[in-house]
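Colleague: I would like to go through this model and ask what each label rests on. Please set the values against the criteria as we go.

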Protein chains: 2
Amino acid sequence: MDNKLMLMIPGPTPVPEQVLLAMAKHPMGHRSSDFSAIMAEVTEGLKWLHQTQNDLLILTTSGTGAMEAGIINFLSPNDRVLVGCNGKFGDRWAEVAEAYGLQVEKITAEWGKPLDPAQFQEKLEADSEKTIKAVIVTHSETSTGVLNDLETINRHVKAHGALMMVDTVTSLGAYNVPVDTWGLDVVASGSQKGYMIPPGLGFVAISPKAWEAYKTAKLPKYYLDLGKYKKDAAKNTTPFTPPVNMFFALQAALRMMKAEGLENIFARHARLTQATRSAMKALGLPLFAADEAASPAITAVIPDTVDAEKVRSIMKKQFDIALAGGQDHLKGKIFRIGHLGFVSDRDILTAVSALEATLLELGYERFTPGAGVNAAAKVIADLQ
Amino acid sequence: MDNKLMLMIPGPTPVPEQVLLAMAKHPMGHRSSDFSAIMAEVTEGLKWLHQTQNDLLILTTSGTGAMEAGIINFLSPNDRVLVGCNGKFGDRWAEVAEAYGLQVEKITAEWGKPLDPAQFQEKLEADSEKTIKAVIVTHSETSTGVLNDLETINRHVKAHGALMMVDTVTSLGAYNVPVDTWGLDVVASGSQKGYMIPPGLGFVAISPKAWEAYKTAKLPKYYLDLGKYKKDAAKNTTPFTPPVNMFFALQAALRMMKAEGLENIFARHARLTQATRSAMKALGLPLFAADEAASPAITAVIPDTVDAEKVRSIMKKQFDIALAGGQDHLKGKIFRIGHLGFVSDRDILTAVSALEATLLELGYERFTPGAGVNAAAKVIADLQ
């Protein structure tokens, strides 16, 4: 049976029917007052979700485009930046910075382990000349399911004075990221994640301090020049044609998120994460990230006696559930279960029960049938 | 009565119902074989539409992002470029080139007039040292409704050897742009135009000669680095998360375009253009561009005895037809009728009859009621 696909990957995430239908409305002109009204509403909604009064800009890009914009608008050639690298996305931001001729110093951790805030502290405290202009960190490292300790790293960055630039692609809308309370300068994410809409929009929140740096920043830019977006956003419009149907989708999704409420959204993601992790433990499947560093968006499993790709293949063919595989050197070694965005308690039970069936089919015998579902159910009951 | 909007602007253009419904399907993972199959099909379809065997790359950007990518991937700081400027978009490409530190020489014409190919010839023939690296031209200047003589300009560029970079945002899919026959090196456009889908995708066709220049080009880039897209397109995938629902839409639209056939598509746009222009003449409304330089996508009208903004306002309020206004210094002076993409003969009759009603309401008396509709109908009958 086809066409009953269930997405349990870290993006695109599942999209509610009412969002899909909103997106299917006929486009309108993007220079119309009708569109400006939608832009005003979604900008306000995004600020609510980001817990910020900062500018919240909407780009026609993937999350990578948004993050690149967040980096290049506030820096100049040869500026020194610290980049946290403990997965594919941390590495990507280092590549972006290098592509633009910045002086990149990487603070690394093994894939699957969180970044050590003390290493940032050390570098920053040693920099009495204040030559470090920005610190770039991936909050939830999608490639490994690790949540970095942004709050502590940010505290060290604040003490130093550099700009704090954060990839929140798979944390925003799933985990508490109080942008203003923490004083994050650049916060970038993408639509196909916690936002419950398809890919095609990037979001960047910019602090006044970052705008100060913008004035003297010299990296070349045009399409990604955030100054243009800021100027036009003040009039509820965009410098370049926006994907109007994606805005319809965003409007519908933000209304749903407001109805659920921030605390409930965060609590749900915490519950889904814990239920998934408890189930994996009950099934004897090793988790790639430790509990203390568990991403609220994705759980990576590194099975030792069963083939990760065979698990994914049967989950897809037999049960039409898409799980993600490993990236780069983790290809074939891990599988990743997404529980981000429009995912319910029921979806976790579904995924775990299908995983149990898959394990049985693969002859994996290190679990009591039903143990995974039971463990997930217990978490769901306890955390309601 | 609301919600019966008819788009007669140069973009977003009208979207067929089956395209909207395709777009409303639930997303799939972009790293799946199902998505790769769609990407293979739409890439092949785009090559057919571009009449090219060159690489055809799909970006998550507006048309501006695609054009910027087309410029910056093949040049280095201080490279000398000629930019044709006779409207808002020509000016924009000069701004992009300047933002990246290129040496820009503008070849200008008054807004509403076409670029003079002889001026390109003169500059190019004088450049015996071959310091001009690229010539950048907007084919259909959306802001004025002028079609530049790309074929002749390109002939001069070929004789010189510089790269020919073209903005075909409102000509591709409306007018014959035989990319390989003409040997165009960079051809950029956006989805919300002749492609009959909403905004959100940019397209760039790249010649082997441009790829040669890519090898030594030194402008910084990452999200817009076309080398990454080329490498991944060979495996029917993308370097960054693509807007999968837009690909569903593109697949549906390209199937419709193939069913109609290239020659029929071009003939339809020629007929719509001529019908619109004949109607305006019959109504005594001055056209902004001459017949010889008429864009196949848009007709700009510069009324002398009636207020352009009042026309647009009544067309919108009374008849729910969106016309475009003037941009920059043409604001309030012209109105523009889009006839690009999913537009039928009937739509032109509808727009012209509503325009006649609007003119009557405004007390404009320089026409015989019915003359506009009759003129359009005559063209439609003659050109079937």
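**Strands, core and interface**

Modeller: In strand S9 of chain B, B:Val187 is the bridge partner of B:Val166. This is a predicted model.

Colleague: What makes S8(B) and S9(B) a pair?

Modeller: Two strands pair if there are at least two bridges between them. S8(B) and S9(B) have three bridges, in the parallel sense, so they count as a pair.

Colleague: How do you know that S5 and S8 of chain B pair?

Modeller: By the criterion of at least two bridges. Strand S5 (residues 132-138) of chain B and S8(B) are joined over five bridges, again in the parallel sense.

Colleague: Why is strand S8 of chain B called mostly covered?

Modeller: A residue is buried if 20 or more other C-beta atoms lie within 10 Å of its own. In S8(B), residues 163-167, five of the five residues are buried, so the strand is called mostly covered. B:Leu163, B:Met165 and B:Asp167 point one way and B:Met164 and B:Val166 the other way, and all are buried.

Colleague: Which strands make up the open sheet in chain A, and in what order?

Modeller: The order of the seven strands is S2-S10-S9-S8-S5-S3-S4, with mixed pairing. The average twist from one strand to the next is 20°.

Colleague: What makes S2 and S4 of chain A edge strands?

Modeller: Strand S2 (55-59) and strand S4 (103-108) of chain A each pair on one side only. Within the sheet, S5(A) and S8(A) pair in the parallel sense over five bridges, and A:Ile136 stands opposite A:Met165 in S8(A).

Colleague: Which helices pack on that sheet?

Modeller: Helix H6 (residues 150-160) of chain A touches S5 and S8 of chain A, and its direction makes about 175° with that of S5(A). Helix H9 (residues 226-233) of chain A touches S2 and strand S10 (202-206) of chain A, at about 110° to the direction of S2(A).

Colleague: Which residues have the most contacts inside the largest nonpolar core?

Modeller: A:Val135, A:Val204, B:Val135 and B:Val204, in a core of 262 residues. Leaving aside neighbours within four places in sequence, the contacts of B:Val135 are B:Leu82, B:Phe120, B:Val157, B:Ala162, B:Met164 and B:Met165.

Colleague: Why is A:Thr61 called buried?

Modeller: The cut-off is 20 or more other C-beta atoms within 10 Å. A:Thr61 has 32, so it is buried. A:Thr61 lies in the loop between S2 and H3 of chain A. Residues up to four places away in sequence aside, A:Thr61 touches A:Ala66 and A:Gly202, and from chain B, B:Thr60, B:Thr61 and B:Tyr223.

Colleague: Where are the cis peptide bonds from Gly11 to Pro12?

Modeller: In chain A, the bond from A:Gly11 to A:Pro12 is cis, with omega near -5°, and A:Pro12 is in the loop between strand S1 (6-8) and H1 of chain A. In chain B, the bond from B:Gly11 to B:Pro12 is cis, also with omega near -5°.

Colleague: How do you know that the two chains are related by a two-fold axis?

Modeller: Chain A can be laid on chain B by a turn of 180° and a shift of 0.0 Å along the axis, with an RMSD of 0.0 Å. That is the relation of a two-fold axis.

Colleague: What makes you say that the copies meet through the same surface?

Modeller: Of the interface residues of chain A, 100% are also interface residues in chain B, so the surface is the same. The contact takes 45 residues from chain A and 45 residues from chain B. By class, the side of chain A that touches chain B has 25 nonpolar, 17 polar and three charged residues.

Notes: Residues numbered from 1 in each chain as written. Chains lettered and ligands numbered in written order. Predicted model: local features only at pLDDT ≥ 70, side-chain atom pairs only at ≥ 80, totals over all residues. Core = buried A, V, L, I, M, F, W, Y, C linked by C-beta atoms within 7 Å. Buried ≥ 20, exposed ≤ 12 C-beta atoms within 10 Å, placed from the backbone. Contact = placed C-beta atoms within 7 Å. Nonpolar A, V, L, I, M, F, W, Y, C, P; charged D, E, K, R; others polar. Helix = DSSP H or I, 4+ residues; strand = E, 2+ residues; numbered from the N terminus. Axes fitted to C-alpha atoms, helices over the stretch in contact; angles between N-to-C directions. Least-squares fit on C-alpha atoms with pLDDT ≥ 70 in both.
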